[in-house]
Amino acid sequence: MIAPAASRASDSPARTEAWAAALAPALTVGDVIILRGPLGAGKTCFVIGLARGLVAPARVRSPSFGLIHELHGRLLLVHVDLYRLAEREAAGLGLDELLERGVLAVEWGEKLPPALRADALEIEFAIRGAATRELTARAHGVRGQALLAAWQALDGAQAGP
Ligand SMILES: Nc1ncnc2c1ncn2[C@@H]1O[C@H](COP(=O)(O)OP(=O)(O)OP(=O)(O)O)[C@@H](O)[C@H]1O
Ligand SMILES: [Mg+2]
């Protein structure tokens, strides 16, 4: 089920990180964040912000070095990039088991198996200019609705760079 969308503008990578960091306190074990949008749209940048918001000490690396990164903060943040995978390959990664231990933030998350997309917050990134991005959140399922409400409740001051 797809609920109404809620868009936010970002005028810098720092702002994108800050929106994500502001959302992080709302996250709990079992949450799925689907990140979608073209190459260079800011999906990894958003994960860096989530990690900061969860006080993860590890550095979020470029996704090309691996498929799955575990970042330990207040919660385990599992950073996944499905760019190079086919949808059926994504089903074999054991992500459902990781989800029992932490939060999944998945670039190219539209390739997740349907069961993992059923209850999730989706953030779609659109490139509007060299440094401007539009981040549109949509809810999938009941938990997605709760996270969308948290996203809608963020105010600009929380995302100040
Ligand atoms: N407002 C913005 N928010 C995020 N990134 C921005 C913004 N403005 C410019 N950028 C730049 O866009 C790029 C975003 O890179 P990032 O790796 O986060 O994209 P991505 O969506 O993960 O791409 P990929 O699909 O290749 O993994 C960076 O070079 C960043 O500096
Ligand atoms: Mg990326």
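## Overall architecture

Helices (H or I, at least four residues) and strands (E, at least two) are DSSP runs, numbered from the N terminus. On this basis, the order of elements along the protein chain from the N terminus is β-α-β-α-β-β-α-α-β-α-β-β-α, which comprises six helices and seven strands.

This is a predicted model, in which local features need pLDDT of at least 70 and side-chain atom pairs count only at pLDDT 80 or more, while totals for chains, interfaces and linings use all residues. Residues are numbered from 1 along each chain as its sequence is written, and chains are lettered from A and ligands numbered from 1 in the order in which they are written.

## Burial and contacts

The protein chain has 161 residues, of which 43% are buried (20 or more other C-beta atoms within 10 Å of the residue's own, with C-beta atoms placed from the backbone). Of the contacts (C-beta atoms, placed from the backbone, within 7 Å) between residues at least 6 apart in sequence, 67% join residues at least 24 apart.

## The β3–β4 hairpin

Strands β3 (residues 68–72) and β4 (residues 76–81) form an antiparallel pair with five bridges; pairing requires at least two DSSP bridges between two strands. Three residues separate β3 from β4 in this hairpin. Within the pair, His69 lies opposite His79 of β4.

The shell around ligand 1 contains 20 residues (C-beta atom, placed from the backbone, within 6 Å of the ligand), and Thr16, Gly42, Lys43, Thr44 and Cys45 come nearest. Helices α1 (13–23) and α2 (43–53) each contribute at least two residues to this shell.

By class, the shell around ligand 1 has seven nonpolar residues (Ala, Val, Leu, Ile, Met, Phe, Trp, Tyr, Cys and Pro count as such), five charged (Asp, Glu, Lys and Arg) and eight polar (the others, Gly among them).

Note on methods
Buried ≥ 20, exposed ≤ 12 C-beta atoms within 10 Å, placed from the backbone. Contact = placed C-beta atoms within 7 Å.
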